[in-house]
Amino acid sequence: MHHDLPSMQVLLDYARVVPGADARLLQYDLSDMSGLIDRAVESVQTSYVANPTFLGRGGKICTMHRRVCFMAKSADSYGYFYSKQLMPTTPITPECLELMKAVRVTFGIACNGMLFNEYDPDSYISDHRDDEKNIDSKLGVFAINHGASRIFRVKEYDRTTKAACAKSRGMWWDFATQAYTGLHMFCVDFQELLTHGVPALASFSEGLRTSITFRLHDKESEAKQYEAFVRGQRKREETSASLHANKHTKPSA
Ligand SMILES: O=C(O)CCC(=O)C(=O)O
């Protein structure tokens, strides 16, 4: 990490619950970067995909309940892979490049891609753990908060059910996000032991919130993932087409 770090607060130190765990939620004051952050958020407004849907298992249509876009140089990444889907790369704007550089220099986080999630009051992201394939795994996942405050909810991960713990079985922590702060899910154990999500809560319902996560992509190593995505997509389309055809085939008399 670099010497002149912005002021920082430890929101959660999981070692207090599980001694030895290397998992902390850190919050940085980024008010000095507010102009840079505003300009980056503004520059992606026409690039969002709203509530993207994708074909899940058995041809089921699933929805991401928010607006999403992924910015990088096309030479660096095919895009952001999620649920065996691909959010293709949008050529990164100069404003985003500038913010990414500031994050790299200030926090020493290796990154060449930025994922934007924009939440209106009804939007949410379910509890999940981040795949650290495209994350600087030495340091964890770094995000910037912009706009309205939302609850960022952290839960203990239940290895038995392979899901976030129910409240009766594990601990939950709620944090109200603050504009112009950095949220750092630090460090190597965070995504292993804890989930995170942004629930839709009626009491937290004013305006838009954007989060920006900083990712490190390598197009060469994504090639296999890309081929698997293309194959899977073909398969899902065939399944969906045959389900559709069966629905419309009249039974013979
Ligand atoms: O909006 C946030 O703070 C979380 C975003 C997130 O969890 C993700 O993109 O995986």
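My entries go from the whole chain to one helix and then to the ligand.

**Ground rules.** This is a predicted model, so I kept local features to pLDDT of at least 70 and side-chain atom pairs to pLDDT 80 or more, while totals for chains, interfaces and linings use all residues. Residues are numbered from 1 along each chain as its sequence is written.

**Whole chain.** I found four helices and 18 strands (DSSP runs, H or I of at least four residues for helices and E of at least two for strands, numbered from the N terminus). I noted that buried residues make up 30% of the 253 residues. Buried means 20 or more other C-beta atoms within 10 Å of the residue's own, exposed means 12 or fewer, partly exposed is in between, and C-beta atoms are placed from the backbone.

**Helix H1.** Which residues are buried in H1 (residues 34–43)? I listed Leu 36, Ile 37, Ala 40 and Val 41. Seen down the axis of H1, these fall within an arc of 130°, so they line one face of the helix; the arc is that of the directions from the helix axis to the C-beta atoms. Ser 34, Gly 35 and Glu 42 are exposed on the face turned away from that buried side.

**Ligand.** I wrote down the residues surrounding the ligand, among them Asn 117, Asp 130, His 196 and Ser 211; near means a C-beta atom, placed from the backbone, within 6 Å. Strands E10 (113–119), E17 (194–198) and E18 each supply at least two residues of this shell.
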